[in-house]
Every structure is written in C-alpha cells, then in structure tokens.
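Have a look at the sequence and the 3D picture below.

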Amino acid sequence: MTVSPDALVEIAEESPQADLTEPSGAGPEIGNRRLRKEDQRLITGRTKWTDNIVLPGMLHLAMVRSPFAHAKITSIDTSGAQGLPNVVAVFTAADFPDGMGACANAWPITPEQVTPDHLPMIGERVACAGEIVAVVVARSAKEARDAAEQVDVDYEELPAVFDAMEAMKDEILAHPDKGTNKSAFWKLDSKEAGTGGDVDEAIAKARQDGVVIEREFRQQRLIPAFMEPRSTVVDPTGEQVTMWSATQIPHILRFLIAATTGMPESKVRVIAPDVGGGFGGKLQTTPEEFITLAVARRLGKPCKYTETRSESLISGHHGRDQYQKLTLAAEKDGTVTGLKVDLVANLGAYVAIVGGGVPVLGAWMFNSIYKFPAYQFNCQTVLTNTTWVDAYRGAGRPEATFGIERIMDELAAELGRDPLEVREQNWIKHEEFPFTSVAGMTYDSGNYEAATARAKELFGYDALRAEQAERRERKDPVQLGIGVSTFTEMCGLAPSRVLGSLAYGAGGWEHASIRMLPTGKVEVITGTSPHGQGHETAWSQIVADRLGVPFEDVEVLHGDTAVAYKGLDTYGSRSLVVGAEAVVRAADKVIEKAKGFAAHMLEASEDDLEFVGGRYGVKGTDKGVGLTDIALATFASHDYPEHLEPGIDADATFDPDNFSFPHGTHLCAMEVDTETGQSRMRSYVCVDDIGHIINPLIVEGQIHGGLVQGIAQALWEEAIFDENGTLVTGSFVDYTLPTAADTISFVTENTVSPSTTNTLGAKGVGEAGTIASTPAVVNAIVDALRPMGIDDVVMPCTPQRVWKAIQTAGDHSGDVAAQAQPHFDEGAANADPGVTGEGNGQ
Ligand code: MCN
C-alpha cells in the first residue's frame, strides 16, 4: 500500500498527538518504550527540512563541478550562462579575491601533517572530481542547474593517483606543490608508552615456538547516504546572517564560519532544523555552505543550495578506505602474546575536518576486548585525487574491529579451535574491570562472558555448529557459515583533556539548560543536534523522571545557535552519555535551587525537606509544594528569601573523565551457495551491553539501523573510481544501498554493565551495530568456505567475489589477486618519520 503525503497529513490531523505516545503516570519514564514524539511531525510531512524553507526574494544556486580528478583550470567562460533568462549572476573564485572561508582540518594528528589548503571554490587546480569551479545564481533551482551546464571550463589534465598504496610510492602527486602524498605518520607502541611489552620480540618468539598469523585486509571506501541530501539556505538580510543547514554540527559550523571568514561570531546564527540523517556525513563544514554564504552576502539576498543525489555521492565526504596489515603472535595454546597493526589510510584530496584522526582512533581499538601483552599500531595517512574521506558511522572503530575480529577467527582456524573459545581465552574477565588496556585506555565496565553466553543461547550456537558439520560431511552445495564478532568500542566522544592531548581541535563537553516556565511546563535546551536519534523523546523521559513532571510537559529545543547557544553537537555516540548527562545535572541544579524557595513557602528548614515525585515535602508531614508551583511563585516573585535570586532555571556543562565503552557479542549465520557464490543471511543475533537503557525502542532502532549499515559494508556497498578518477558508483543504480527488503529480522537483546562515567549508567549505542556487524558477516562467509581452502573474501562479498574466490580456492596467492586487491607493501605504514613526523603515541 502506498500512502500519499496528503493522506498522511490527513491521518495525522485526525489522530491527536496522544495516539503516538503513552500517557504519563504509569511508572518511571526511563526504560519505557516511548514512541518518539518527533516522529509525529517527521513522518507526516509536517516538518520543514532545509530545502522546504522559502524566503522572500530567495535565489537558487547550482554548482559547476570538475569532471576531472586532477587538472589545471585554463579558462572559465561564464557568458553562456550569464545571458540566460532568470540567471542573476555567475561567480568564479576570481570574483572572491579575499576568499570565502575554508573547509578546516580540526584535527592535525601530527604537528608536521601535510595539509593542503581546502578552499570552497577552486580557481587554479582541482584535486578531485566534483570540486566546484563556478556557481550559477538564478531565480529557480532548475534554471540555475540548466545554466550551470552552459558554463564552459577548459582544463589541462594532470596525472592523478587514486589508490592509497599507489600514492605511497609518491610517483604521482595528488598535490605536486606538497612534494609528497604522505600526510602524517602516527604510532603507538606499548613498550614505548609503558603500557605493555615489545611486540617485535613477541612476534619473533612466536615464530620460533608459537603461532604467527599475518593477514592483509581491505576496508573499501563507503559513502554516507543519508535520506535528506545536504542543503543550505542563507539569509543575509537581518542583523545577523542566518544559515539553515542540514548539518550535524551547527555550533562547530558557526565557529568555523567565523574563524575562517572573519565574520564576527555574534553576527552568525546557524540553524540545523530537522535533519534527515547524517551518519557522520554531515559532520563537516562544506564548500557548498561557504559558497552559499558568500554569494548571499555578495548579492544581499537569501540564497538556497540543495544538492542532487549524484552530487551528494561524489562531493559529500566518503568513509573508510584503508589497507590493514595485522600480525598476531600467539602461543600454541591460543594465548595471544602480541599484535602489530600497519595501516595505510586514504584521506582523499584533502584532510577533512577530522579525516586524519579517524584512522588513528583504531590505535585504541585494534586490541579490542583482549588482554594482549604487547601491541604496536602504525598509521600512515595519504592524499590522493579522490573525494575527501572522513567520519562514517563508527569512524575508525569499525575498521579496527573488522581487522581484529577477522584475525582472531584466523587464529582459531589455524589452531583448529572454536573461535569463541579462543576469544574467551584472551578477553578481559568481568571481575578485572576497570581494566587498563595495552593501548592505555581504561575500560570502566563490561561483562563479555554474560553477553556471549546469552548470544550463544539465543542463536542456538551448538545446534548450528552441528548442522554445519553435517552439511560439510554431505558436501551440501549450500554451505553454512557461522560468524562471530565480540567487540567493544570507545564512544561518547568527550574528555576534553584527552582530546586536547591528541591535538583534536575542540573539547568534548556538552551543555544544557532547563527553563522552568511559570505555567509548569519545562523547556530543555541541549547542545546536541539530533538528526534521527530521537533526543527530544529520550531527553524528555530523563527530565520527566528527574523533575517529576509529565513527559508531555517537557519540550526539548536544539540545533539553533540562537536558542542552544552553547554546544558541541552530535557525533561519536556522545549525545546521551555527555549531552543528556548535562541535562541531568541542570535538572539537579533546578531541584537544588528550588529547595530554598520550598523552605520559604513551607516555612520549614531546608534540612527537613525531601524531593520526591516532583514535590518538596516536609519530612513526616503531608505539607509540601510542587516544583511547578515553585516555578510560578518565582515568576511572580512577590515574596522570596532575600538571599535567593528569583527563578529556578539552571545551566550545566558536563565534561566526563572517560569515554564510554559499549560492547557486545554478535553472531551471524550465512548460507553460501558454492555453485553461484550467492550468500543468504539466515540468522543474526546480537547481545549488546550499553549500560542502562533510556528508551529500549529507540535503542532497537539504533541497533537495527547500525546492523544494516555494517552488513551493507560486508555484502554490498563500495565506492569505485575508474582509471580516470570518475566515480562509477555515482548513483543509487551502482552504489548498492540496501533497503529493508534486503535484510532479515534481527534478534537483539542487552546485558547491562552500568557505565561509571555518567550518573545514568549509560553507554552510547549510535554506532555499535555498524561496528560489530561487518566482521560477523564476513567471518560467517569465510567460515562457510574454509573447508575449500579459502581464508578471506575481500569486501563487499558480492556473489561474483565469492564465486571467484571459490574458483581460485587452493591457489592461495591467486586468491587475493583474483579479487584485484593490491598487496600491502612491506613497511608501507612505516614511512620515513623524518618526512612525516611521528604522533605522540598517547
Ligand atoms: N540511547 C538510550 N540508551 C542508551 C544509549 C542510547 O536510550 N544506553 C538512545 C539515546 O537516548 C538516543 C539514541 O539512543 O536517543 C542514540 O544515542 P547515542 O548513542 O548517544 O548517539 P547520538 O545520539 O550521539 O547519535 C550519534 C550516532 C552516530 S555517531 C551516528 S553516525 C548515527 C547514529 O547516532 N547516525 C544516525 N544513529 C543515527 N540514527 C539515525 N536515524 N540517523 C543517523 O544519521
């Protein structure tokens, strides 16, 4: 059945708000499966996405983009566009001699990092396809797009490099003026850091009397494909310049506009209205935002730019794209003695806002849940003539989890043992928390045994293993594979001091305000900027419990720098554990402030008061006053104690002392047809530990969405450039984004090891599913094919790749070659530190 948008609005109008939410009063809100209050407007077409914003006299922009990956611009002739009806102006970089701001890199991972200038509009040399060389301004978007096709640009093509391994050779330079493609080298060594032993010694010893497993893995390039394409509207006509943008980071955007254009920050207001997904892809300050701002200011008129899907795929930042080489040393009994990781990470043409730091996050994650005594992580970032690469759901942690969970399976296979048993032998036991890892991270809580035991039970692990053995025995053409992934991750991106020690450009705190309105309603203002995560609902649940007010009486405001004046936005699954904790602390301040008023109103001593269910009562009596009555009394303020100021509103800023470490066990069963290469997911079970859960319904949604994204990396998605640097997966015809129809019904459950870093006892969940699922699926496919002599399939494991792996099975070297993957150069990640500098290894 299809329902038209008009019909949806009618349905919504007929169904009052209460239809979508349970009435309050039935019990505590935290833990309640509340339907999301924001969905009423989101799914009935009642919200205003950025592209729906219409302002008087608004003009529309279309970008002229380079089709070449690396080229000099020899001339631009705009005359063909200038004369067209309703075209107002055509601008090139030459029209903005003072520039128009810059796309900043906010995380230089070493002081010596090679960081090419990233200008919004290019006047001389484009460094990847899709870069903007001119902008057409017209009275409608269609006229602007048509006219953009009439802008005549002459290019002189330059040699270009696309693959990270090729770029390592420095034979073709992505930016010739830089003299090298190597951007930065970053290293963490447990011996040097004093957190563990010497990894080379561990490997040498294992070569003599133990086991050494060496594997190369490829993290293909992915494209964040949010539902709402990026869109920006700028109104320069008021006292402040207002920018609406489909962004995850309104506060950071405002700061970087001011910092790179010289506009006073007080004259810039950024609004992220409802934003239709981001997945890290809207954690960016974009050329399009700066250009729209510059053009609107130049013309003194409101301007709008909304990208097409094809533009989004080529010019929104990409994710992943790493070569990994792992060397795992173990004793013959399966005890791991050391892990060495060499990474080469493709940054694309520029070092994007946190692009250099994303692969470095792997430094603390490759060791995962295990007690490895020695560890080394080497990361080389390189520039190429491809779209810039940055955070994509999980950002650095899915890549690391994939590497370690794949190689733990390979160790188990080498030893002929069950992969869960080998993991258990090496993981941190629950009684050992808090545990400081070999990478120097202190995990506050966890229980890997409990999550794994429950996952095995739900999955029917032993029965599936028995079926697998039976199918192998009878040489069934459809083999069964069982994939395991026991993961942890670091999220809740926070401790400002730690981020500072890593040269990250921002802090990690979050801000919240609570306004107690005189009518008893509550406004919560949060610095987080939700774009699909349901903060309005979860924050309302938290505040309802804390202040003892009905859920419906709480309004959560966000995403407008004039309202939520202070914040660091939403990414890194930080919003609950940092942002909502700030809300909790603001609520506690409200309660504390209200105490003095309650004592005054009740003519009692503060010591005799207790706050229960939204009411201050005098202990041992039935005398009391509600928080909302106090709010009204402070509004009138006819009578209040002299030592207090009128009002009980409060602000709080929270900066935790540690990250959050969710973990879980994911089990996947795949049936692989060995004749066609087709694989089919049969079952998927995950038991995640994210501490206390605020809203189980939202959490399930987060896990489901995350799983699909991780599974898509394993099976379907890949951004592919041809030999000219043209993105051949430049539309949804070729970039195979899954739909709900491509997935199965997942079994999800939770264990609870409360976090100690916030009073909610919660851990982040927004990326967990994506981080865990990719290796679970690939491990299952490899497990199905292992009896045929196959020990790897390069992602995405398309039927063609699986079929080719089967055809070349047994020919160990040809296996990888058949999948057209360049080998990791020996020492590739150990580039000359003299050229690239070395990280502080912290
Ligand atoms: N939650 C909960 N109990 C927990 C943990 C979380 O009820 N123990 C709820 C929170 O209240 C919140 C949601 O789960 O409503 C996600 O919380 P959190 O883990 O703090 O993640 P963030 O809100 O910071 O969201 C960021 C995260 C990231 S990094 C990506 S990428 C991602 C994701 O969220 N992109 C998303 N989920 C997404 N979901 C949608 N629909 N769209 C995206 O673009």
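## Before we start

This is a predicted model, so to speak of local features we need pLDDT of at least 70, and side-chain atom pairs count only at pLDDT 80 or more, while totals for chains, interfaces and linings use all residues. Residues are numbered from 1 along each chain as its sequence is written, and side-chain values use heavy atoms, with hydrogens and water left out.

## Around the ligand

How many residues surround the ligand? There are 33, and the closest are Gly278, Gln533, His535, Gln702 and Val765. The shell holds 12 nonpolar, 17 polar and four charged residues. Here Ala, Val, Leu, Ile, Met, Phe, Trp, Tyr, Cys and Pro count as nonpolar, Asp, Glu, Lys and Arg as charged, and the others, Gly among them, as polar. Helices H17 (535–547), H18 (575–602) and H20 (696–715) each give the shell at least two residues. Helices (H or I, at least four residues) and strands (E, at least two) are DSSP runs, numbered from the N terminus.

Now for the polar contacts, meaning pairs of N or O atoms within 3.5 Å. The side chain of Ser575 has an N or O atom 2.7 Å from a ligand oxygen. A polar backbone atom of His692 sits 2.8 Å from a ligand nitrogen, and one of Asn695 is 3.0 Å from a ligand oxygen. On its own the ligand would expose 840 Å², and the protein buries 95% of that (areas by the Shrake-Rupley method with a 1.4 Å probe).

Next, find helix H8 (residues 250–261) and helix H9 (residues 287–299): their axes come within 12 Å and cross at roughly 60 degrees. Axes are lines fitted to C-alpha atoms over the stretch in contact, with angles running from 0 to 180 degrees between N-to-C directions.

Who makes the contact (heavy atoms within 4.5 Å)? H8 brings Leu253, Leu256, Ile257, Thr260 and Thr261, and H9 brings Glu289, Phe290 and Leu293. That group divides into five nonpolar, two polar and one charged.

The peptide bond from Phe433 to Pro434 is cis, with omega near -5 degrees. Pro434 belongs to the loop between helix H13 (419–426) and strand S16 (435–436).

Technical notes:
A residue is near a molecule or strand if one of its heavy atoms lies within 4 Å of it. A polar contact is a pair of N or O atoms within 3.5 Å; within protein, one must be able to donate a hydrogen and the other to accept it, and residues adjacent in sequence count only if both atoms are side-chain atoms. Contact means heavy atoms within 4.5 Å.
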